[in-house]
Amino acid sequence: MNPIRYEDYRPTERSTYQQELDEVVKQVARRTRSSVERQPVGRAIRTAHGKTYGLLKAMVTVGDNTGFYRQGIFGRPAVYDAVVRYSNGLGHHRPDHQLGAACGMGIKLFGVPGPSLLDDERDSGTFDLNLINNEVFFANTAYDYMVIEDLFAELPEALVDPARRKTWMAEFLTRRGTLTDPDSWLWDELLAMLSFTTVPRRNLLSYTYNSMGAFRYGDHIAKIRTVPTAASLSALTHQIVDVRADNEAFRRTLVAEAAERDHSFELQVQLNTDLVRMPVDNTSVKWPEDLSPWVTVARVDLPRQDVGGNDNLAAADTTSITPWRSREEHRPIGEIQRVRQEVYRRSSIERHRMNGQDRREPAGSAELLG
């Protein structure tokens, strides 16, 4: 089955989108400013992925791809200097046992040719990928994001308390009562959210990480993921993360593994071949692999390194990663992707300003990690 052409995708247009986006951005800005008082770390933190586990030097090697996969920055063999940031998905900075296992892998490539999609850094040369350790996401519109972002501020406590769990899920499902028709309730989104509660607590280097939405892939549409290579996965010596015995288990495990050996991931692409069964505007539905297999287009290598110092956490905290730090050939698509463009930008501006951090793109991994 041939992949769908990007030009054949028609985005959903809603008259209330801009008003809803403006409200989302204001809400995220307020929550970012108030995070100094809400979180016990003495600085502003992200409203999502608030706790960082480490920043690692990396190298991304693009293969000699063929056919439909020879697109954009994956159109010819190349090697890019890069960094990888690991973080927890919730907007809290707490001991690991008070957080879930939903975690992120952010990849920043340096020296990528072409203008960035971000107007204020067109010539930065950086290119970001935002990935999570689950196959689906739980918000698809600006209004969804506004309500769900507010509800997520109560996690994980809301799902632990039996009484609040019921009302919390009812508010999620009905978008706090604004969806009165059961046919419009957020069933896909609720099931996607609940799937995050089943993610096991494991070594951060053992997960498969997926893009939270679709992207343009040159002439086509795709999702992206990283998968540990078989050799890298079998070499791990710290498979399970025991948060009951160690409040910083995710970070300590990552530090130990990074210091012991090299690690590697395959960077893979899944092309869209059916806009009905592989929806772009509903990120809560998994794209079936029987319609389109995952194909490796590049490799991510993490050399053996020491990331155990506080300076590493400081570098990770200042590093900004957004799916819109991309190129036209890989433009994020779908409403929730458009929401993330402005939300990430405003959150980054507020956080860096409050923390006295210089908000600019580094020239390479050496500038961040020495």
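Predicted model: local features only at pLDDT ≥ 70, side-chain atom pairs only at ≥ 80, totals over all residues.
1. Residues are numbered from 1 along each chain as its sequence is written, and side-chain values use heavy atoms, with hydrogens and water left out.

2. Have a look at the largest nonpolar core, which has 79 residues, with Tyr86, Ile107 and Phe138 making the most contacts inside it. (Such a core is a set of buried Ala, Val, Leu, Ile, Met, Phe, Trp, Tyr and Cys residues joined through side-chain atoms within 4.5 Å; buried means under 20% relative accessible area, exposed over 50%, partly exposed in between, with a 1.4 Å probe and protein chains only.) Helix α2 (residues 142–152) gives the most to this core, seven residues.

3. Next, strand β2 (residues 78–88): nine of its 11 residues are buried, so the rest of the structure largely encloses it. Strand β1 (residues 51–62) runs antiparallel to β2, joined by 11 bridges. (Helices, H or I of at least four residues, and strands, E of at least two, are DSSP runs numbered from the N terminus; two strands pair if DSSP finds at least two bridges between them.)

4. Finally, Arg325 and Glu121 form a salt bridge, their closest N and O atoms 2.5 Å apart. (That takes a side-chain nitrogen of Lys or Arg within 4 Å of a carboxyl oxygen of Asp or Glu.) Arg325 is buried at 2% relative accessibility, and Glu121 is buried at 13%.
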